[in-house]
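Please read them with the structure open.

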Amino acid sequence: MSLDLQKGLGLLIALLPETILAVWAMALLLVAAWTHKDPRALRRIGWVSLAGIGVAFLAVAWLWTAHPRLEGLPTSVAVDPFRWAVDAIILLGAGFAVLLSIGYLEREGILIPEYYVLMLLATVGMMLLAGGEDLFVLFLGLELMSVSSYVLAGIDRRREASAEAALKYFLLGAFASAFLLYGIALVYGATGSTKLGFIGFQVQSLQLATHPMLLAGLALLLVGFGFKVAAVPFHMWTPDVYDGAPTPVTAFMAAATKAAAFAALIRVLLRAVPLLHDTWSPVVWWLAAATMVVGNLVALNQKSLKRMLAYSSIAHAGYLLTALVSGSVGGAAAFLYYLLFYTLMTIGAFAVLVYKGRDGERTVTADDLAGLAESHPWLALFMTICLLSLLGFPGTAGFIGKWYILTSAIGSGYALLATIMVLASVVSAGYYLPVIMAMYMKPRLHAEVHADVSVPRVMRGVLTAVAVALVVFGVWPSGLLKTARAGARGFLPDEVVPISQGVPAAPK
Amino acid sequence: MQTLLAGLAYDRWIIAALLWLPVVGAAAILLAPAARAKYIAFGVTLLEFVLSVGLWWAYVPSGPAVQFIAQHAWVRDWGIQYYVGMDGISVFLVLLTTFLMPLAVLGSWKGITDRERGFYALMLVLATGMIDVFVSLDLFLFYVFWEVMLVPMYFIIGVWGGKGRLYASIKFFIYTMVGSLLMLVAILMLYFAAGRQSGNWSFQYEHLLRYAVLEPRLQFWCFGAFFLAFAIKVPMVPLHTWLPDAHVEAPTAGSVILAGVLLKMGTYGLLRFAVPFFPAVAIGGTVGKVVIALAVVGMVYGALVAMVQPDFKKLIAYSSVSHLGFVVLGIWALTVQSVQGAVMVMLNHGISTGALFFLVGMIYERRHSRMLADFGGIARVVPAYAAILTVVSLSSIGLPGLNGFVGEFLVLLGTFRTHPVAATIGTTTVIFAAAYLLWALLRMLYGKITKPENEALRDLTRREYAVLVPLLVVIVWLGLFPGPVLRRIEPSSQRFIELVRLRLPQQVPTGPTVAPQDAPVVR
């Protein structure tokens, strides 16, 4: 299939998932305005929005398998496997978050149907962000995502923490957006375009690699994206926001928001300024190192599980940045692979928190899970698999993802960064293990302590599927690795991670 | 016997059977009622042992270096394979594992009363992990199982352990993980070096050995990473502090497996990977001297610290530090005898120390104490227990005629030719060993009964005899007839030394060791 994005129909097809989701959200908004604020209606809207995500997912799957090719001039929206892959991950994350919200909202007394609408709109923003080939589309997506997220963070407005989270998020997010916009302006000033492909062409043909305006613009872009992906030292907002927001929203932000912002960052770096790799890679190197080290060390010191997971998500941003440093196809493929499982295992861990907690889950500590294995063996096993996968333990998909990232880093000569990464992972054992320890090795405070933890039947199925996926793709990653490589091959010709020539015979 | 095994195509399926049988068993345990768990576990481990006994005949010492090879593609994109096989050293470590497993299950019969299914399932998973570590010839596979094995052990210590189990289990986990993750980076360095050199991407042991050429500085760091991973596991002083905690807190079966098999994975790693990959760093130069010094310090220090332990289990834990020092010394001395001796010490330590942990566990089940001071004169009450404890202790000390002697003697003999000073200091360890164990026996078994609680202790039950008698038989058998074992280990030891010498750069002075004709080997 070939698409001409200059024509209306071509553009519509290229933006089909986003369009579907946006229309769905608008329709839901109208429906929400006309329904009473009772739990049953809320629940129904939740399911309908999940259906919307499902339809958008089907659209992405169709586009991915139809292999659309561009004809005519390059345009402002990407049509490549990388976009479909990231879209699929974002939709997976969004669907998971919506599923967590159903039931949660009633329990916490947040009877606001617009919650789901905002979630859908944020997802549209993320998909635009991940698919933008033009800095303006990127910015549009970013703002749509951010504004929706600000509201989502503060949706439980009767709670002080939620309001604080929203305000903090908004102030710092607006600041970051300003940085980004200024960066876009400077890049435009230097190259005369906002289209990523054309910027790359201009940098090459006009030899702008040392142009101060371009470099300044790039630096500002990095700062802006650094805020969005919560890289150290731009991470200060993250713990408070993640802590204050309703837990499903936190899971959504930790997984999907980060995924989208990362995808955009990777696109900008590899499409617009691949020639400046020598300039930006040291910066990303330091960001990655600082993010891994600080994220893990601070997480070690958290009592509240929710805050611990917030910091752990910062640490994982560092691992993802490590995949970016090499600027290679291998790195991008490793990024995609890790991103998928990062999304699943992070939301999975938050899911357990959702079912255990009350009142925003701010006070749940590892010890509150003591003895969970006795009363809820399957939930405890699920949490254990998620945590081991987050830790990067062999036998889980998290390990293969980390291994892939390490391979891409070492293969491109960043052995020191790889070493920092593994040492940071060791630190993370210090906060993931106590949770496992509490669940399995500490006695329950009293027999009824986990009596109110109940996982709805649908979610049991979902959690089982996630656990199975984490283990299966940890043991047989081959098929998905190919997909990840195909997804990453959109931008760059060269190879870092090698393909072996079949299996050599056993030496005699 | 050999024809029978050949008729069964034993060499084709044995490794697969040993690896996957316990996994099937673990699944069966999880599905069966809890009361059946220990029976299934015992049945499976016993079957494992029976199957593995065939290795004794099926392994041909004069045959190819690596036998029982099985090879399948696993992750094609990265050239990762399921590639397993055994040489003479692996064969015995696998036999040690399969021998100790049913005993460990039997030893837990009464001690483990809650969550039995989980316990026995984890034990079986542990068996798979341990055997895989000893047979992997693909470094990715090796790494995966090296790490995976941590989880069952972590749970065994943490769930079924003593009072300080939480601290001990997390310490065990994190210590091991630090080393192994750095090793992961080093494995990848080798992978890329070999891949660029040969154009073929693989984690195969031989492939990496042949093509991974690193510059000296990188060699140093990569050796450091491998060495750290294995030295923590061994454990070598000063990285040993996790061991006493883990041993003291672990349930009996955990201690037995930990001392009997897990520690051997460290020395096995040194022998198989760390030294052959980087001989120039490991043997030549300062690093080699430092390692030998650490080994000797560990031997003496472990023995001295063992002497002052009031807790019998801790005493055995420190004695392990001391015994494993022998192994490292034997590997680094780089003579056929010393390497053979090192392997023998690995086996003997697994058997003797395993037996000691069983014995401590048995008395603990009766008195709920391991403190030497809580006993005294109990030989009158439990004569059979006392007799067996004495024999096992003597074997651990290294009394000629029992198994402990053979290995340590060979190590010292082999080492004396290349590193006389280290050997001389090492010899004192044998004296210390006699001191701490005999003194402990004296305080615990002999003399008058000092505590009234001990007067009604029950002697060994039939189940406990079933655990101890096989160990005693092996102790005596290996002590009297070590020849057949040594004969099977010799070619692999010889090959290890040739491999290392071949890869040593010529300019490194290797001293008198270069003489290719070693003295006749003890048969």
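1. **Basis.** This is a predicted model, in which local features need pLDDT of at least 70, side-chain atom pairs count only at pLDDT 80 or more, and totals for chains, interfaces and linings use all residues. Residues are numbered from 1 along each chain as its sequence is written, while chains are lettered from A and ligands numbered from 1 in the order in which they are written.

2. **Confidence in chain A.** pLDDT is the predictor's confidence in each residue, from 0 to 100. Chain A has a mean of 87, with 95% of its residues at 70 or more. Helices (H or I, at least four residues) and strands (E, at least two) are DSSP runs, numbered from the N terminus. Among the elements of chain A, helix H5 (residues 114-131) has the highest mean pLDDT, 94. Strand E2 (residues 69-71) of chain A has the lowest, 75.

3. Two residues are in contact if their C-beta atoms, placed from the backbone, lie within 7 Å.

4. **Chain A overall.** Chain A has 20 helices and 2 strands. In chain A, 63% of the 508 residues count as buried. Buried means 20 or more other C-beta atoms within 10 Å of a residue's own, exposed means 12 or fewer, and partly exposed lies in between; C-beta atoms are placed from the backbone.

5. **Chain B overall.** Chain B has 22 helices and 2 strands. Its radius of gyration is 22 Å, close to the 24 Å that the globule rule gives for 523 residues, so chain B is as compact as a globular protein of that length. Its C-alpha trace spans about 70 × 55 × 50 Å along the principal axes. Buried residues make up 61% of chain B.

6. **Helix H18 of chain B.** This helix (residues 383-397) has 15 residues and reaches 21 Å from first C-alpha to last, close to the 21 Å expected at 1.5 Å a residue. The expected span is 1.5 Å times one less than the number of residues. Its buried residues include B:Tyr385, B:Ile388 and B:Leu389. Their cover includes helix H16 (312-333) and helix H17 (336-367) of chain B. Just after H18(B), B:Gly398 takes a positive phi of about 105°.

7. **Where the chains meet.** The contact takes 31 residues from chain A and 36 residues from chain B. H18(A) gives the largest share of the chain A side, 12 residues. By class, that side has 21 nonpolar, 9 polar and 1 charged residues. Ala, Val, Leu, Ile, Met, Phe, Trp, Tyr, Cys and Pro count as nonpolar, Asp, Glu, Lys and Arg as charged, and the others, Gly among them, as polar.

8. **The core.** A nonpolar core is a set of buried Ala, Val, Leu, Ile, Met, Phe, Trp, Tyr and Cys residues joined through C-beta atoms within 7 Å. The largest one has 432 residues, and A:Tyr338, B:Val185 and B:Phe226 have the most contacts inside it. Helix H14 (residues 329-356) of chain A gives the largest share, 22 residues. B:Val185 touches residues including A:Leu406, A:Ile410 and B:Ala225, not counting residues up to four places away in sequence.

Notes: The radius of gyration is taken over C-alpha atoms; the globule rule is 2.2 Å times the number of residues to the power 0.38.
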